[in-house]
Amino acid sequence: MNNQNLQRDNDNKTKDVIKPSNIRIWLHQKHIAKLTKVLWAGQGMRLRTETSHHPKMKRFLECVPHVMGVIKDIHQAVVDNDLDTLKERTASPTPRIVLTSKDANGLTPLHKAAGLAHTQIVEYILSIWPSLSSDEDHTGKTPLHWAASAKNNARSFNLLVQAGADEAALDHRDKPAEYYKNKPSEIDRSLLTVIPEAPRVSQQGFPAYFDWAMFTIDEDSDDSNGSRMKPFLSQNNLLDNDVNSYDSVSKSKSVHNLTNGTLTDLPNDGEGESEAKNKDSEEEEEVETAANPTESAGEEDTGDDGAEAEEEQQDNDQQAEEEEAVINGVAKEEEEQEESNPTEQVTNQVANCMLQ
């Protein structure tokens, strides 16, 4: 049984790993949304070895280390139980989706806050992204499993249940959260203090062209029913003025009309209907694109003719230079061989004279 559980854990880790070949395909297709998910999945280091000649993708890759630094700071603030720093690092224009970022073991900031019994941070994260209460790490554990393993942690446990966490959910060992209340030694709590890696960046900070909008994907919102959190949020003043009421909390996690990573206000009814129609049409286009990848690729190329033509010309020039270098190298090698064999060269000259 233990071998089966171990094999299942290994299979899930393998499933969660993003292949380099996929990353290169997404780079070629300029699919920033999928590349951004690599960051949130805790595998940003895989993007550090990639390059691109396309200006937009090149800027994206250059900004990746800075985003990884923010993710590292957020996880560190959670481990340190530093709510002020966490609020600072998740304040506008940083998109709230950074709170979904995972480490190498698949743990989100909420997993760690719940397991370390940092109740105020648990409440802050749930006020922004309630559905994280059901997110799984690489071993299938939800934040509720980790909260159950901590002593005197009923408050965090209840907050997660109120946010929608399933008490009957099983991890990869087929154990519910309640099991770890009595068996906390069977969960590796050392994983709660693991901090994601991040490369060193310039002390000058973010580059001038950095834009959080590059890292904002369509899923940068939480459509969970915020009413489940109302009884708990109304009992405290933990949140900032902009999110210290249920209405503003609901707005912060349901609207997510992001402009350069900044949350905007709710639209009026007329605007809401218009935006809903536009969103529906965009979703239909995405479905059609998924069904016709070739046609989609053609449309994308048409929309960016200038950049594509320039990139293609650069590739052709580079290939021509490489071919010319190879030809010159072969010619030079033959010339050197002839010079290194003078006797053979004289013999060839005599033979040519006799033939004449």
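This is a predicted model: local features need pLDDT of at least 70, side-chain atom pairs count only at pLDDT 80 or more; totals for chains, interfaces and linings use all residues.
Local features need a pLDDT of at least 70 and side-chain atom pairs count only at pLDDT 80 or more, while totals for chains, interfaces and linings use all residues. Residues are numbered from 1 along each chain as its sequence is written, and side-chain values use heavy atoms, with hydrogens and water left out.

A pair of aromatic rings is described by the distance of the centres and the angle of the planes. Here, rings of Phe, Tyr and Trp (its six-membered ring) pair if their centres lie within 6.5 Å; planes under 30 degrees apart count as stacked, over 60 as edge-to-face and the rest as tilted. The structure holds seven aromatic pairs. One of them joins Phe206 and Phe210, with 4.5 Å from centre to centre and 55 degrees between the planes, a tilted arrangement. The rings of Phe210 and Phe215 lie 5.9 Å apart at their centres, and their planes meet at 25 degrees, so this pair is stacked. Ring pairs also bring Phe60, Phe206, Phe210, Trp212 and Phe215 together into a cluster.

How accessible are these residues? Buried means under 20% relative accessible area, exposed over 50%, and partly exposed in between (1.4 Å probe, protein chains only). Phe210 has a relative accessibility of 15% and therefore counts as buried, and Phe215 is buried as well. Phe206, in turn, is partly exposed at 38%.

Rings also meet charges in this model. A charge sits over a ring if NZ of Lys or CZ of Arg is within 6 Å of the ring centre and within 35 degrees of the ring normal. The charged end of Lys175 is placed in this way over Tyr179, 4.6 Å from the ring centre. Likewise, Lys181 has its charged end over the ring of Phe157, at 4.0 Å from the centre.

Helices (H or I, at least four residues) and strands (E, at least two) are DSSP runs, numbered from the N terminus. In the loop between helix H5 (83-89) and helix H6 (109-115) lies Pro93, which is joined to Ser92 by a cis peptide bond with omega at about 10 degrees. Asn81, in the loop between helix H4 (55-79) and H5, has a positive phi near 55 degrees although it is not a glycine. Asn152 also has a positive phi, near 50 degrees, and belongs to the loop between helix H8 (143-148) and H9. Asn81 is partly exposed at 40%, whereas Asn152 is exposed at 82%.
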